Amino acid sequence: MQLRADSLEAQLGKSLLPLYTVYGDEALLVQEAVDRIRAAARAAGYAEREVLTCERGFDWGVLGAAGQSMSLFGERKVLEMRIPTGKPGKDGAEALSRHAALRSDELLTIVTLPRLDAATQKSAWFGALEQHGAAVRVDAVERHRLPDWIGQRLSLQGQRVENGESGKRALQFMADRVEGNLLAAHQEILKLGLLYPAGVLSFEQIQDVVLNVARYDVFKLNEALLAGDVPRLVRMLDGLRGEGEAAPLVLWALTEEIRTLAKMRRGLAAGKPMAALLREHRVWGPRERLMEQALKRVSEAELEAALMLAARLDRQVKGLRVAGLPGDPWDGLLQLAMKISPARKH
């Protein structure tokens, strides 16, 4: 069965299944889900634990042997199967399907995987894992949900921010400092719990403690670009530069999004419905809403001008001299991002 991560605790309270598959890219949340399953297993008398990690050259016969061998003292065992790539291969797929069908009161299996694409979720081996236990999908915390997530985590240790705008500002400050690094966010929250007693935290207390530990993903730039979120764009570009990201990759990410906007703008001008254009250009999820907002904000002429600037920047990052551009390519990248942001009108 499929199980949401926030429903795991309730399910474990009702019964303990023989097989749990936990998958997602957010390492902290995956680990917390696995910890909950382990704790429930310990409480049910599973005293032994074995961990197998599927790396290149892994012998899948080991999984079969682990499933068959029990402790000499008859202790119940937790078997953890970690597959970092999410691709077990043909032999692994067959071994996992066979293992999923095992039924033993002495063995509980936890399989951990990264985020899976739609094709993998429809595979026979994943279907077997899902059929014979629970598949727990761990979703990443989206940027717009991060302040609320931080607030919830603070409440678990008996702390909260001030009411009103001051509290919102404090949560937003923390979110800006830990974006893209949920493990660091967790550590900063624990630090606040160690330094301050339970109760209300002021903005000044949070500001004094929380470090700038954000990690920026070049492929998240499109969210800030489409939203016209200028402060976030500036932070992300500064952060990517500081992390040593390659300017050509950042340029490619920005240009691809501007090119998609331009194609959709032309499609709208030709009378095509928005829903059809979103499907045609493979725009899904939260990006749909952001794309619609951006298309209302920018004109076709502005998008064409941005693409012309991107072409000039492409020559610059390849080492060619281009008149009229900032000497630093990163300044040019910021200039490109501003081309379709609300700030350009000020």
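Strands here are DSSP runs of E at least two residues long, helices are runs of H or I at least four residues long, and both are numbered from the N terminus; two strands pair if DSSP finds at least two bridges between them. This is a predicted model, in which local features need pLDDT of at least 70, side-chain atom pairs count only at pLDDT 80 or more, and totals for chains, interfaces and linings use all residues. Residues are numbered from 1 along each chain as its sequence is written, and side-chain values use heavy atoms, leaving out hydrogens and water.

Begin with the whole protein chain. It has 17 helices and eight strands, and its C-alpha atoms fill a box of roughly 75 × 55 × 40 Å along the principal axes.

Six strands lie in the order 1-6-2-5-4-3, with parallel pairing. Strand 1 (2-4) and strand 3 (46-53) are at the edges, each with a single partner strand, so one side of each has no neighbour in the sheet. From one strand to the next the twist averages 20° (axes are lines fitted to C-alpha atoms, and angles run from 0 to 180 degrees between N-to-C directions).

Now select residues 76-82 and 107-113. These are strand 4 and strand 5, which pair in the parallel sense over six bridges. Arg82 stands opposite Thr112 in strand 5.

Finally, select residues 124-131, which are helix 6. Helix 6 lies across strand 1, strand 2 (19-23), strand 5 and strand 6 (134-137), and runs at about 125° to strand 2.

Definitions and conventions: Contact = heavy atoms within 4.5 Å.
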